[in-house]
Amino acid sequence: MTPLSRRGFVAAAAGAAAAAVALSPEAASAEPPPAGGDFADADRGFVAALVPGVVRNAEGQVVYDADAYGFLEGAAPGSVHEGLWRQGKLVARQGLYKVADRVCQVRGLDLSNMTVVEGERGVVVVDPLISAETAAAALELYRAHRGDRPVTGLIYTHPHVDHFGGCRGVLPEGAAGDVPVLAPDGFLEHAVSENVYAGTAMQRRSGYMYGARLPKSAVGQVGCGLGQTVSLGSVGLIPPTRSVERTGQVEVVDGVRFEFQMTPGTEAPAEMNFLLPDLRALCMAENATHTMHNIITLRGAQVRDAREWARYLSESVSLFEGRADVAFASHHWPTWGGELIVELLERQRDLYAYMHDQTLRLINAGWTGREIAEELELPPALAEVWANRGYYGSLSHNVKGIYQRYMGWFDGNPAHLWEHPPVAEAKRYVRALGGRTATVAKARGFVREGDLRFAATLLNHVVFADPGHRVARAELARVYTRLGRGSENAVWRNFYLMGAQELREGVKGTEGAGASVVSSDLLLALDVDQLIDSVAIRVNGPRAWDVRLTMDWVLPALGKTWHVVLRHGVLTYRSDAKADPDAGVTLTMTKPQLLAMLAGKGLGDIEVDGDVSLLHTLLGVVDEPDPDFAIVTP
């Protein structure tokens, strides 16, 4: 199953109306959803919705608008794949739901769900959404219907921002007093490194992935498969106070027993599931949801391990079978009934295992990632399962991710070893095809034949050879629009439609692309080594080739000195308790002062001993990243 199959491309060639049947083979014959099943589960336990379903910040700006998805009614229009429309209708449900005795969820007020477990004195909050504003609104909705109970515990299942960013909405003063904050071992390291080192590029591509600037409508953004969209509020990070380190570890929080399963290397580098044994409720974090997930996410991330993912799902069955009456996750709706829980876990396990094993089989037969992605199909028994369909991840880009994990970027063909970069290659292709006008004409011919994929390739070459070519931009935007409207995969749809929008309107910046994850909380959570690393990756190497300097950064509160050296365009460091007699300048400071200094806010009260111009020299060769770089143009 691909986000848009060969059948879909042929159908799309017949015109815009045909997009309604631009389905994958399984979806093409799918009957309308029954009254029960997923729709019954998505509505089960409903208590109340937030009315109106709009969350605003203190300045009155909209942070999240659940009501914007009110258009998801009736049958799928021709502009949206039927499978994606179905998923959008399910995921757009919003409100407070009772999952089990003393377990509630607030769904549909952010990309993720917030779970509330009732304890002896208050409530334990699990995964407090992306933004403080949406988390506070979710907690307020819970309290309005279940009582004004204090937060007595906080749990992060893994270090993606939609599972910790809203923490200050449920603990506004931080983790003060006796409120424990639990997270899997390694949580803090991965939470800060993923969002800082490549954060600018990830944020820009996230705008495409979640369709940030698209209108919420049947011709625009209809969701992202995992949830509807990301909130735009304030992101925080309260560091964990208690680490979960092993499978079988039991922690009691406010009288509630949590039994944990560690699942590192699955959907996140540090992740954990947990069972509430006394409540017979199982939390699968983001390891088993109602969609095929990403082995490699289109916004950018390290490739996940599909083999380990499958192995941990097998372990979940072994650990929890017969011990839970309901399984819930950090996204989507729960699954009730012991047999159905096992069925969900086993089918998802087999999904990731099949992708992994068959990709490796074909790798060892000499196939490349692109070839495998084009030909690999899931067994019907897996492909026909709604929860295995590619609304968020896709078989196509997941297979390429598995190939990348084992084989890297190079497919072994020498012709691909030293190719020209995109603009230089595009100019040569266009010249070889007879020029811009001739290339556009050839692309239109492929559109008429129904081969939108190759039409996009040709038109993309024209745009990269001549970004100002209006006809090529307009044609490519039309092709991207048709590809997007025929896609069952939400993030493929969003990428195509965002690309079309940017071709027509130009780069509009990151406004509305989601809450900035590089918040003060996140920066404070970086250790000093990571802060220096975050500077090192921004050193402009050629500008710094001939610069040589040595500095000591002393942080008395940490009892250490960092010896920072810039040489050969590389910023390196080591740390100990001694001063370096060769340091050209010594800066003695607190960690907040270091953060302010690196942010260009001056020295303030930092104690300076030596030649302070060395600091200015260093900062002078540090680039500021561009959050609005072009994607569909050079």
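1. In strand β5, Q105 is the bridge partner of Y97. This note takes that contact as its point of entry; the model under review is a predicted one. The strands β4 and β5 (residues 103–107) run antiparallel and are joined by 5 bridges. They form a hairpin with 2 residues between the strands, and in that hairpin R102 takes a positive phi near 70 degrees.

2. Strand β4 has a further neighbour. β1 and β4 pair in the antiparallel sense, over 2 bridges, and F46 stands opposite Y97 in β4. How far is β4 enclosed by the rest of the structure? Of its 6 residues, 5 are buried, so β4 is largely enclosed.

3. The structure as a whole holds 15 aromatic pairs.

4. A second aromatic pair, that of W309 and Y352, is stacked: the centres are 4.4 Å apart and the planes stand at 20 degrees. Which elements does this pair tie together? W309 lies in helix α9 (residues 306–320) and Y352 in helix α10 (residues 338–363), so the pair ties together parts that are 43 residues apart in sequence. W309 counts as buried at 1% relative accessibility, and Y352 counts as buried at 0%.

5. R86 lies over the face of W386, 3.8 Å from the ring centre. R311 has its charged end over the ring of Y312, at 4.6 Å from the centre of that ring.

6. One aromatic cluster is made up of F258, F260, F274 and F328. F328 also has a place in a sheet: in β15, F328 is the bridge partner of C283. Strand β14 (residues 281–283) and strand β15 (residues 326–328) run parallel and are joined by 3 bridges.

7. An open sheet is formed by 6 strands in the order β11-β12-β13-β14-β15-β16, with mixed pairing. Which strands stand at its edges? They are β11 (250–253) and β16 (335–336); each has a single partner strand, so one side of each is left without a neighbour in the sheet. In general, the strands of a sheet pair through backbone hydrogen bonds, either parallel or antiparallel.

8. The cysteines call for a separate remark. A search of the whole structure finds 0 disulfides.

9. The buried residues of α5 are A132, E133, T134, A135, A137, A138, L139, L141 and Y142. Just after α5, G147 takes a positive phi of about 110 degrees.

10. The last point concerns the chain as a whole. There are 23 helices and 21 strands in the chain. The radius of gyration is 26 Å, close to the 26 Å that the globule rule gives for 634 residues, so the chain is as compact as a globular protein of that length. Along its principal axes the C-alpha trace spans about 75 × 70 × 50 Å. Of the 634 residues in the chain, 56% are buried.

How values were computed. Residues are numbered from 1 along each chain as its sequence is written. This is a predicted model: local features need pLDDT of at least 70, side-chain atom pairs count only at pLDDT 80 or more; totals for chains, interfaces and linings use all residues. Side-chain values use heavy atoms; hydrogens and water are left out. Rings of Phe, Tyr and Trp (its six-membered ring) pair if their centres lie within 6.5 Å; planes under 30 degrees apart count as stacked, over 60 as edge-to-face and the rest as tilted. Helices (H or I, at least four residues) and strands (E, at least two) are DSSP runs, numbered from the N terminus. Buried means under 20% relative accessible area, exposed over 50%, partly exposed in between (1.4 Å probe, protein chains only). A charge sits over a ring if NZ of Lys or CZ of Arg is within 6 Å of the ring centre and within 35 degrees of the ring normal. A disulfide is a pair of cysteine sulfur atoms within 2.5 Å. Two strands pair if DSSP finds at least two bridges between them. The radius of gyration is taken over C-alpha atoms; the globule rule is 2.2 Å times the number of residues to the power 0.38.
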